[in-house]
Amino acid sequence: MKTKKFNLKFNPVLKKELKQSMRTVRFPILVVLFNTVLAIIGLIGLYISNEQIKLTGIINYRDNIYLYILLMCVEFILLIFIMPAMTSGLISGERERQTLDILLASRLTPAQIISGKLFSALANLAILLFSGLPVISLTFIYGGIDISDILFTILYLLFIALFTGSAGIFCSCVLKKTTFATVLTYGIELLFIAAPIFITVLAYMILAAQSGSENVDISLFYLLLAFDPAITFLNITFRQTGTVPVMDHFFNPSNWFIPISIALQCAIIIIFILLSVRCLKCSPSKKHLIKVKESHI
């Protein structure tokens, strides 16, 4: 009796992109640079903390928590610079190399092309983030941080990577040149990160000036801040470690903020991906190929 082999259908675009990225020297160099920056900052923070212990003879566990926040913020900053550069040229690069028509002429659907390229970039970034775990583990020396906290934060960083990556691949579908697509991606990223903070700070200053008091309620703007992945990231880290005074007006102690913000950002990701698929379906190359196939029939 013959047994049937289980064959997992693998997205060919994802498979090709992963092989191509692993065979180039650029990605290993990126991993080394990423961890070098992270290690330098982590070791400097640990050195300063040890010097203070030598001088005072007291272990300040709060410094260890600040080191954890600092390292996670460095990963967040590196992520928002790296991911747009990875994704903004995925489709426009194919168009510039004149290989997009080959992809569209294959049996692959636009959804498979978009998902394959987007998740290949996400897989590469996942390797970057998880490769930094040994450096993040420096915070275990004095305790105060749990491994579940680190893993949850890294998972949200991957979600932010998907957020910025979906914007990048959308810009790559809309614009023909990779340079313009990269600039537009950083612009969209800046809009989602900076605009809610700017509007909330401006509203706080106006309300504080009108009331003559610094204790101003800005809870109405929490829904706007929920669209900001940076604010959600800081809410997650400060919920794990405790707040700092500078973030009191942006930190939402209620339990609904993080789930709602993730849901709203997830909706934005879906919109960007659907628009990318639609844009690829309506591209001139796709329409031309459909006409050619119909003429042959």
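In which crossing, left-handed or right-handed, does H6 pass H12? In this predicted model, where local features need pLDDT of at least 70, side-chain atom pairs count only at pLDDT 80 or more, and totals for chains, interfaces and linings use all residues, H6 passes H12 in a right-handed crossing. Residues are numbered from 1 along each chain as its sequence is written, and side-chain values use heavy atoms, with hydrogens and water left out.

Helices and strands are DSSP runs numbered from the N terminus, a helix being H or I with at least four residues and a strand being E with at least two. Two packed helices are described by the angle between their axes and the distance between the axes; the axes are lines fitted to C-alpha atoms, for helices over the stretch in contact, and the angles run from 0 to 180 degrees between N-to-C directions. For H6 and H12, the packing angle is about 130° and the axes are 9 Å apart. That angle makes H6 oblique to H12, on a scale in which angles under 35 degrees count as roughly parallel, over 145 as roughly antiparallel, 65 to 115 as roughly perpendicular and the rest as oblique. The contact (heavy atoms within 4.5 Å) is made by Pro110, Ala111, Ile113, Ile114 and Leu118 of H6 and by Ile273, Ser276, Val277, Leu280 and Lys281 of H12. A crossing is termed left-handed if the near helix is turned anticlockwise from the far one by less than a right angle, and right-handed if clockwise.

Helix H12 (residues 257-281) also packs with helix H11 (residues 229-241), at an angle of about 150° and with the axes 10 Å apart. H11 and H12 are therefore roughly antiparallel to each other, and their crossing is left-handed. On the H11 side, Pro229, Ile231, Thr232, Asn235, Ile236 and Arg239 meet Phe257, Ile258, Ser261 and Gln265 of H12.

Within helix H6 (residues 110-131) lies Lys117, which is buried at a relative accessible area of 1%; buried denotes under 20% relative accessible area, exposed over 50%, and partly exposed the range in between, with a 1.4 Å probe and protein chains only. When residues up to four places away in sequence are not counted, Lys117 touches Val13, Glu17, Leu90, Ile91, Glu94, Leu103 and Ile169.

Helix H2 has 31 residues, which at 1.5 Å a residue should span 45 Å, and its end C-alpha atoms are 45 Å apart, in agreement with that value; the expected span is 1.5 Å times one less than the number of residues. The buried residues in H2 include Phe27, Val31, Phe34, Asn35, Leu38, Gly42, Leu46, Ser49 and Ile53. Of these, Ser49, placed in helix H2 (residues 26-56), has a relative accessible area of 9%. Ser49 and Leu67 are 18 residues apart in sequence, while their C-alpha atoms are 9.1 Å apart in space. Just after H2, Gly57 takes a positive phi of about 75°. A positive phi, near 60°, is also found at Gln98, a residue other than glycine, which is located in the loop between helix H4 (92-96) and helix H5 (100-105) and counts as exposed at 67% relative accessibility.

The structure holds six aromatic pairs, a pair being rings of Phe, Tyr and Trp (its six-membered ring) whose centres lie within 6.5 Å, with planes under 30 degrees apart counted as stacked, over 60 as edge-to-face and the rest as tilted. Among them, Phe81 and Tyr186 form a tilted pair, 6.3 Å centre to centre with 45° between the planes. This pair links distant parts of the chain, with Phe81 in helix H3 (residues 61-87) and Tyr186 in helix H9 (residues 178-211), 105 residues apart. Phe81 is exposed, with a relative accessible area of 52%, whereas Tyr186 is partly exposed, at 27%. Phe163 and Phe192 form an edge-to-face pair, 5.3 Å centre to centre with 90° between the planes. Phe163 lies in helix H8 (residues 147-174) and Phe192 in helix H9, so the pair ties together parts that are 29 residues apart in sequence. Phe163 is buried, with a relative accessible area of 4%, and Phe192 is buried at 18%.

Helix H9 also holds Ile199, which is partly exposed with a relative accessible area of 37%. Apart from neighbours within four places in sequence, Ile199 is in contact with Phe221 and Leu224. Ile199 and Phe221 are 22 residues apart in sequence and 8.6 Å apart in space, C-alpha to C-alpha.
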